[in-house]
Amino acid sequence: MIIRYSSSNAVAVATALGCTFANLTFVYLFGFPVNGAFVAMLTVLGLVAAGPGFRVKEAHIWLYLLLVMICVIKVAGSGQLGESFASVSQIALVGAFLVIALGQQELLAETRFSTLFGTLMAAHAVLIIMQFAFLNFLDSYALQNPYGPFSPHGPLGGRGFVNEPYLPHWDAPLKRPNGLFSEPSVAAAMSALAAAVVIQSPTIQRTRKAVLASLLVVAAFLTFAFTGWLMIIAVGTATALLSRRLSMWAKMLGLVLVALFLAALPYLGGDYLLNRI
């Protein structure tokens, strides 16, 4: 289906950039954050207004709605509800987006979005891996909050300060990285979204797809965010069930293994993981 009243490439590229740099907050106007997602949304609107004859696929409309919802959540999180609300809302949004994507195959097949977003988030995955190593092996915070003064406030990192970006507590037994996002759970959720986009994209070469997806899965795991783990499991399960290369027996075995893993969680530190949602 072709929609005639918008620009094609701008929506895909702006959504990829806006989702990746949603936490890059330039300034607060009347208490509202002007961040990467907001700038990307306004850029698309400006391009559409300047060229009303441009055409866009229906998938781009879904992508733009994703961008708009992230902006709305960021604005809500900057008020009295706080960044914790924004974090939980973003995680719910990404989960809903993944469910919608299963029924909108052309959405994940959008070439420019899948390639750019997958590549950017794979680079972000490398940052998460390096943050984890610096925090837990070198006892260094050097790579935390690379936006510096443009980092938005995050939920408590264990230090007791609210009006500061997220930082793990210095004596935490396991210091959790958050990449470029407000806290580890959101970083894991966005990594899961990127993994789904990469895996389902028909335009990314197979070897490159394996490398990108592996980096994203490892990064999501190293956040030790249970929500991110569940999303990665959901992405992997959905991918396996939709695959035509796996037999029905292999798919059933996979579902059994997932069920056994979830059932064993209470005996594998389930309480700790539930606190990591």
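Helices are DSSP runs of H or I with at least four residues, numbered from the N terminus. The structure is a predicted model, in which local features need pLDDT of at least 70, side-chain atom pairs count only at pLDDT 80 or more, and totals for chains, interfaces and linings use all residues. Residues are numbered from 1 along each chain as its sequence is written, and side-chain values use heavy atoms, with hydrogens and water left out.

Asn145 lies in the loop that runs between helix H6 (111-137) and helix H7 (184-200). Because its relative accessibility is 17%, Asn145 counts as buried (under 20% relative accessible area, 1.4 Å probe, protein chains only). Contacts, meaning heavy atoms within 4.5 Å, link Asn145 to Gln131, Ser151, Pro165, Tyr166, Leu167 and Asn178 when residues up to four places away in sequence are not counted. With Tyr166, the side chain of Asn145 comes to 3.0 Å from the backbone oxygen. The C-alpha atoms of these two residues, 21 residues apart along the chain, are separated by 7.8 Å.

Helix H7 is mostly covered, with 15 of its 17 residues buried. At its N-terminal end, H7 is capped by Glu183, a side-chain oxygen of which lies 3.1 Å from the backbone nitrogen of Ser185.

Methods: Helices (H or I, at least four residues) and strands (E, at least two) are DSSP runs, numbered from the N terminus. Buried means under 20% relative accessible area, exposed over 50%, partly exposed in between (1.4 Å probe, protein chains only). A polar contact is a pair of N or O atoms within 3.5 Å; within protein, one must be able to donate a hydrogen and the other to accept it, and residues adjacent in sequence count only if both atoms are side-chain atoms.
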